[in-house]
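Have a look at the model below before reading on. The notes that follow start at a loop and then work through the rest of the chain.

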Amino acid sequence: MPQATALSPQTVIEAAKAMLGAYNDKDWDKARASITSDFVYDEVATRRRTTGADDAIALWKGWAQAFPDSK
(Lines give C-alpha, C1' and ligand atoms only; values in the text may rest on other atoms or scores of the structure.)
Protein backbone atom coordinates (compact mmCIF):
# COMPACT_ATOMS: atom_id res chain seq x y z
CA MET A 1 0.00 0.00 0.00
CA PRO A 2 1.42 3.44 -0.91
CA GLN A 3 2.45 5.62 1.95
CA ALA A 4 0.71 8.99 2.21
CA THR A 5 2.84 12.10 2.30
CA ALA A 6 1.65 15.27 3.96
CA LEU A 7 1.87 18.26 1.66
CA SER A 8 1.44 21.85 2.64
CA PRO A 9 -1.64 23.60 1.28
CA GLN A 10 0.65 25.94 -0.67
CA THR A 11 2.36 22.98 -2.37
CA VAL A 12 -1.01 21.58 -3.44
CA ILE A 13 -2.08 24.99 -4.78
CA GLU A 14 1.15 25.39 -6.76
CA ALA A 15 0.78 21.90 -8.27
CA ALA A 16 -2.77 22.72 -9.39
CA LYS A 17 -1.69 26.08 -10.81
CA ALA A 18 1.11 24.43 -12.81
CA MET A 19 -1.28 21.99 -14.43
CA LEU A 20 -3.93 24.62 -15.18
CA GLY A 21 -1.35 27.06 -16.50
CA ALA A 22 0.01 24.40 -18.83
CA TYR A 23 -3.48 23.78 -20.22
CA ASN A 24 -4.13 27.50 -20.60
CA ASP A 25 -0.89 27.84 -22.58
CA LYS A 26 -1.61 24.60 -24.50
CA ASP A 27 1.90 23.55 -23.46
CA TRP A 28 1.53 19.77 -23.41
CA ASP A 29 5.16 19.10 -22.41
CA LYS A 30 4.72 21.37 -19.40
CA ALA A 31 1.43 19.63 -18.60
CA ARG A 32 3.10 16.22 -18.77
CA ALA A 33 5.86 17.42 -16.42
CA SER A 34 3.28 18.51 -13.86
CA ILE A 35 1.40 15.18 -13.77
CA THR A 36 2.38 12.10 -11.80
CA SER A 37 2.04 8.59 -13.23
CA ASP A 38 -0.86 7.86 -10.88
CA PHE A 39 -2.72 11.09 -11.73
CA VAL A 40 -6.49 10.66 -12.01
CA TYR A 41 -8.66 13.15 -13.87
CA ASP A 42 -12.43 13.02 -13.42
CA GLU A 43 -14.81 15.02 -15.58
CA VAL A 44 -17.99 15.04 -13.57
CA ALA A 45 -20.23 16.44 -16.31
CA THR A 46 -19.09 13.99 -19.01
CA ARG A 47 -18.44 11.07 -16.64
CA ARG A 48 -15.05 10.55 -18.24
CA ARG A 49 -12.19 9.40 -16.06
CA THR A 50 -8.57 9.08 -17.12
CA THR A 51 -5.46 7.88 -15.34
CA GLY A 52 -1.93 9.03 -16.11
CA ALA A 53 -0.49 11.82 -18.20
CA ASP A 54 -1.00 10.35 -21.68
CA ASP A 55 -4.74 9.82 -21.32
CA ALA A 56 -5.35 13.12 -19.54
CA ILE A 57 -3.39 15.12 -22.10
CA ALA A 58 -5.16 13.37 -24.98
CA LEU A 59 -8.49 14.35 -23.43
CA TRP A 60 -7.34 17.95 -22.87
CA LYS A 61 -6.08 18.19 -26.45
CA GLY A 62 -9.57 17.24 -27.56
CA TRP A 63 -11.08 20.03 -25.50
CA ALA A 64 -8.44 22.47 -26.80
CA GLN A 65 -9.21 21.50 -30.40
CA ALA A 66 -12.94 21.89 -29.89
CA PHE A 67 -12.55 25.14 -27.95
CA PRO A 68 -9.22 26.75 -28.97
CA ASP A 69 -9.70 29.78 -26.74
CA SER A 70 -10.57 27.70 -23.64
CA LYS A 71 -8.81 28.47 -20.39
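## A loop to start with

Arg47 sits in the loop that links strand 1 (40–43) to strand 2. Helices and strands here are DSSP runs numbered from the N terminus, with helices being H or I of at least four residues and strands being E of at least two. Arg47 is not a glycine, yet its phi is positive, about 60 degrees. Arg47 is also exposed, because its relative accessible area is 78%; the cut-offs are under 20% for buried, over 50% for exposed and partly exposed in between, using a 1.4 Å probe and protein chains only.

A word on the ground rules: this is a predicted model, where local features need pLDDT of at least 70, side-chain atom pairs count only at pLDDT 80 or more, and totals for chains, interfaces and linings use all residues. Residues are numbered from 1 along each chain as its sequence is written, and side-chain values use heavy atoms, with hydrogens and water left out.

## The whole chain

The protein chain has 3 helices and 2 strands, and along the sequence they come in the pattern α-α-β-β-α. Its C-alpha atoms fill a box of roughly 40 × 25 × 20 Å along the principal axes. Of its 71 residues, 24% count as buried.

## Helix 1 and what follows

How far apart are the end C-alpha atoms of helix 1? They are 24 Å apart, which agrees with the 24 Å that 17 residues (9–25) should span at 1.5 Å a residue; the expected span is 1.5 Å times one less than the number of residues. Met19, Ala22 and Tyr23 are buried in this helix. Looking down the axis of helix 1, the buried residues fall within an arc of 105 degrees, so they line one face; that arc is taken from the directions from the helix axis to the C-beta atoms. An α-helix has 3.6 residues a turn, so residues three or four places apart point the same way.

The cover over the buried residues of helix 1 includes helix 2 (28–33) and helix 3 (53–66). On the other side of helix 1, Pro9, Lys17, Leu20 and Asp25 are exposed. Next comes Lys26, in the loop between helix 1 and helix 2. Lys26 is another residue that is not a glycine but has a positive phi, about 55 degrees, and Lys26 is partly exposed, with a relative accessible area of 23%.

Thr50 lies in strand 2 (residues 48–51) and counts as buried because its relative accessible area is 10%. Leaving aside neighbours within four places in sequence, Thr50 is in contact (heavy atoms within 4.5 Å) with Phe39, Val40, Tyr41, Asp55, Ala56 and Leu59.

Ala64, in helix 3, is buried too, at 11% relative accessibility. Not counting residues up to four places away in sequence, Ala64 touches Tyr23, Lys26, Trp28 and Ser70.

## The largest pocket

Which residues line the largest pocket? They are Leu7, Thr11, Val12, Ala15, Ala16, Met19, Ser34, Thr36 and Phe39. A pocket is an open set of points on a 1 Å grid over the protein atoms alone, where a 1.4 Å probe fits, with protein on both sides within 12 Å along at least five of seven lines; lining residues have an atom within 4 Å of a point.
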